[in-house]
Each structure stands twice: as structure tokens, then as C-alpha cells.
Amino acid sequence: MEILFEDTHLVLAVKEPGVPSQDDPNGQLSMVGLLSDTLPDPVYCVHRLDTAVGGVMVYAKTQETAGALSAMFQNGQITKQYCAVIHGAKSSGTLEDLLYHDKKINKSFAVKTKRKGVKKAVLEYETVSTREELSLVNIQLKTGRAHQIRVQFSTRGMPLLGDRKYGSPQRCPIALWCYHLSFIHPFTREQISGIRMPPQTKPWEKFTDDFEKCFNN
């Protein structure tokens, strides 16, 4: 586990795919457990990445910080940028949907009408590179809904590589990674930024020369 930034209030760390963001009811070791074993202070989970997804995350070290960061996420004051490999692609665009997350089967669906449990989901994306009918896309998440990126691309016939739950025919790890998290520190007011590109291994190996283009776009 790699720590990118730490002070008395919070810590930025890189979550590996397969590690739950928070305590797991099945007893699997989570990021909360890993950080609590590494740091002298307890940590609090204020946002999530799907277990299969890796990338930069921020954890609070006090309840006061947890409240502040949670409010910042809700108010869109924290920038979250992802890269993904998808089947096909258009050059760029804004995706906007109404999403419903069925907790019983842990799957989200795009729906047509607003009702209880339905939330608006918005993201912007740009295609960075295309190779062999696959595209590396740079994504800026405007809202944080369950499986949002996965279902919004799948609904448009562009599922994420390896995401068999949402329509990818390929058996490999899901090609989704949170590579950049930035925000104004809620107490010190300094600019905090954590950047880490995905590993140069499957399912990313075809695009390793293009990762830096994501951050430069």
C-alpha cells in the first residue's frame, strides 16, 4: 500500500484492485484495516471505490475531518479523475443519466423516470487513444453514484474492458482506475493533490505509453 500524503487530519493512499474500501462483512482485509495497521491513528472511510477498482483515495483521521470531507464530496468540492479502457468510443462527451442501484443484486440501472432511490449521474470524458477497437478514456466524475462509470458507458454500448457484470466479453480485471484526487484541505486550506497512474500490467498494458496524456488533457 502506497501513501501519497499524510498529516494529522487525513491520508491519501493508493487502493489496489481487489481490496475493499471499507470494512468487509466477510472479513476480507480492507483499506481501513490496512491503514489502521500502518498508522498510529484510526481512519474513517468518506468515499468508496468498487472493490475491483484501484486508485487514489482519501481517508479521514478524525471524526471532524470525516464530516468535513464527506460534505466536500457531496458538494462537488473534490475533483475525481479516472482513466478507463472501454470497448469502442466517441471522441468526447458528457454522460447524464438517472441511475437506480439495486442493493440486493449490487447492480445499477439507467432508468427513464425519477422515483425513490433514483439519482442523477453526470460525468465528462475524452478519448485519449484508440487501439484495436479499445479506447483509453479520461473521465472527470461530477457525481458519485454506485457503479456510475461502469453503467453509464455500458448503457451506450461501450462497456469497460473486463467488466462482465456490465457487458464486457473479456475475462480480465476491470479497466477502471482513479488516478487523480484533489481538493482544498478543509483545515489548512492548502491544495492537496494525489496522482498515481495505473500499473503497466493487464488490462492496461496496451496503453502504458498513453497514461500521461490523461493528466495533460
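In which strand does Lys 119 lie? Lys 119 is part of strand β8, where helices (H or I, at least four residues) and strands (E, at least two) are DSSP runs numbered from the N terminus. The model is a predicted one, in which local features need pLDDT of at least 70 and side-chain atom pairs count only at pLDDT 80 or more, whereas totals for chains, interfaces and linings use all residues. Residues are numbered from 1 along each chain as its sequence is written, and side-chain values use heavy atoms, with hydrogens and water left out.

Strand β8 (residues 118-131) pairs with strand β6 (residues 92-102) in the antiparallel sense over nine bridges, two strands being taken to pair if DSSP finds at least two bridges between them. Within this pairing, Lys 119 of β8 is the bridge partner of Leu 99, and Glu 126 in β8 stands opposite Ser 92. Strand β6 also pairs with strand β7 (residues 107-111), again in the antiparallel sense, over five bridges, and Phe 109 in β7 is the bridge partner of Tyr 100. In the hairpin of β6 and β7, which has four residues between the strands, a positive phi near 50 degrees is taken by Asn 106.

A further antiparallel pairing, over eight bridges, joins β8 to strand β9 (residues 134-141), and here Glu 124 stands opposite Gln 140 in β9. The hairpin of β8 and β9 has two residues between the strands. Glu 132, found in the loop between β8 and β9, has a positive phi of about 50 degrees although it is not a glycine; Glu 133, which lies in the loop between β8 and β9, has a positive phi of about 65 degrees and is likewise not a glycine. Glu 132 is exposed, with a relative accessible area of 65%, and Glu 133 is exposed at 70%, where buried means under 20% relative accessible area, exposed over 50%, and partly exposed in between (1.4 Å probe, protein chains only).

The structure holds nine salt bridges, each defined as a side-chain nitrogen of Lys or Arg within 4 Å of a carboxyl oxygen of Asp or Glu. One of them joins Arg 196 and Glu 2, with the closest N and O atoms 2.6 Å apart. Arg 196 lies in the loop between β11 and α4 and Glu 2 in strand β1 (residues 2-6), so the pair ties together parts that are 194 residues apart in sequence. Both residues are partly exposed, Arg 196 with a relative accessible area of 31% and Glu 2 at 35%.

A salt bridge is also formed by Asp 41 and Lys 61, the closest N and O atoms being 3.4 Å apart. This pair links distant parts of the chain, with Asp 41 in the loop between α1 (31-38) and β3 (44-45) and Lys 61 in the loop between β4 (54-60) and α2 (63-74), 20 residues apart. Asp 41 is partly exposed, with a relative accessible area of 30%, whereas Lys 61 counts as buried at 6%. Glu 6, Asp 41 and Lys 61 are linked in a network of salt bridges. In a further salt bridge, Arg 150 and Asp 163 have their closest N and O atoms 2.8 Å apart; Arg 150 is in helix α3 (residues 148-155) and Asp 163 in the loop between α3 and β10 (176-184), 13 residues apart. Arg 150 is buried, as is Asp 163.
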